[in-house]
Amino acid sequence: MALQFEITNDIRKLRFFADEMTQQQLAEKAGVSRQTIVAVEGGKYNPSLELAFRIAHAFNVPIDEVFHYTVTEKKNRKDKKGDRT
Amino acid sequence: MTYQIARTLTRVLSGTVLLIIYLVQVTSKYQEGGLAMDQLQSLGQLMLVFIGIGIGVTIAVEIVFHILYSIGIAVKESVKADVCNDKDKEREIEKNIEKNIKQEFVEDEMAKLIDLKSSRVGYVTSGIGFLCSLIVLALGYPVFIVLNILFVSFFIAGMMESFARIFYYKRGI
């Protein structure tokens, strides 16, 4: 079994609790374009540590409340075949 | 459509137009007899002229695009906010417009990373073009064709870079 790493985030939820902050407003606070915020929120782009801290700072929360690092076990083909038999 | 994608598309469009004009010029001059296979001086001159035109057109297109895009943002903002006679509100709208324009033109870390990745695609494409031109040369074709393949491959590399940029912006990194 191979390990699969994934970085997820709660930006959407945090924006909702921050008085429905818009992506544009968050982008301004973090000093990036709205497009980058859209990509980060959608999991299409993993930000640098600096940007991650800036986003967390924009919400006034620690970084681990915004981003989560999850490790899951990814079944490879051989394992899947083994399961079937 | 976002600023980056719109900008890239305009670059692709201007690049395509330039490439077509160059190809038309070369073929028409060749058919007229202005370009001979063994006389590379006139081809070199034509290529230099097109490089100059290419730089000029790119700069002009960038300027026009930025002006038009800024106007687009300003119009959107003014439509969003109702037209009024209040001067304070007008100033606020103007500030908002300026802020939005600045925000749209921000070059952040994601843009830089996409630039790096897409330029790699461009380098690989131009490398393949160079290899193709060497193969053509090894097969015994005239230098005229080799130079043209090289020149066209640089154009195509630029376009591939732009397509890669759009792809990365759409799909993410």
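Visitor: Which are the buried residues of H2(A)?

Guide: A word on conventions comes first. Residues are numbered from 1 along each chain as its sequence is written, while chains are lettered from A and ligands numbered from 1 in the order in which they are written. This is a predicted model, in which local features need pLDDT of at least 70 and side-chain atom pairs count only at pLDDT 80 or more, whereas totals for chains, interfaces and linings use all residues.

The buried residues of H2(A) are A:Leu26, A:Ala27 and A:Ala30. A residue is called buried if 20 or more other C-beta atoms lie within 10 Å of its own, exposed if 12 or fewer, and partly exposed in between, with C-beta atoms placed from the backbone. Viewed down the axis of H2(A), its buried residues fall within an arc of 100°, so they line one face of the helix; the arc is that of the directions from the helix axis to the C-beta atoms.

Helices here are DSSP runs of H or I with at least four residues, and strands are runs of E with at least two, numbered from the N terminus. Two residues are in contact if their C-beta atoms, placed from the backbone, lie within 7 Å. After H2(A) comes A:Gly31, whose phi is positive, near 75°.

A:Ala30 also belongs to the largest nonpolar core, which has 22 residues; those with the most contacts inside it are A:Ala30, A:Ile37 and A:Ile55. The elements that give two or more residues to this core are H1, H2, H3 and H4 of chain A, together with helix H4 (109-138) and helix H5 (143-171) of chain B. The largest share, five residues, comes from H5(B). Such a core is a set of buried Ala, Val, Leu, Ile, Met, Phe, Trp, Tyr and Cys residues joined through C-beta atoms within 7 Å.

The contact between the chains takes 13 residues from chain A and ten residues from chain B. On the side of chain A that touches chain B, the elements giving two or more residues are helix H2 (23-30) and helix H3 (34-41) of chain A. H3(A) gives the most to that side, with four residues. By class, that side has five nonpolar, five polar and three charged residues. In this count Ala, Val, Leu, Ile, Met, Phe, Trp, Tyr, Cys and Pro are nonpolar, Asp, Glu, Lys and Arg charged, and the others, Gly among them, polar.

A:Asp19, in the loop between H1 and H2 of chain A, has a positive phi near 60° in a residue other than glycine, and counts as exposed with 7 C-beta neighbours inside 10 Å. A:Gly42 is found in the loop between H3 and H4 of chain A and is exposed, with 12 other C-beta atoms within 10 Å. A:Gly42 and A:Ile11 are 31 residues apart in sequence and 9.2 Å apart in space, C-alpha to C-alpha.

Now the wider architecture. Chain A has six helices and two strands, in the order β-α-α-α-α-α-β-α along the sequence. Eight bridges join E1(A) to strand E2 (residues 67-74) of chain A, and the two run antiparallel; strands pair if DSSP finds at least two bridges between them. Of the eight residues of strand E1 (residues 2-9) of chain A, the number buried is zero, so this strand lies largely in the open. Chain B has five helices and zero strands. The radius of gyration of chain B is 22 Å, well over the 16 Å that the globule rule gives for 173 residues, so chain B is more spread out than a compact globule. That radius is taken over C-alpha atoms, and the rule is 2.2 Å times the number of residues to the power 0.38.
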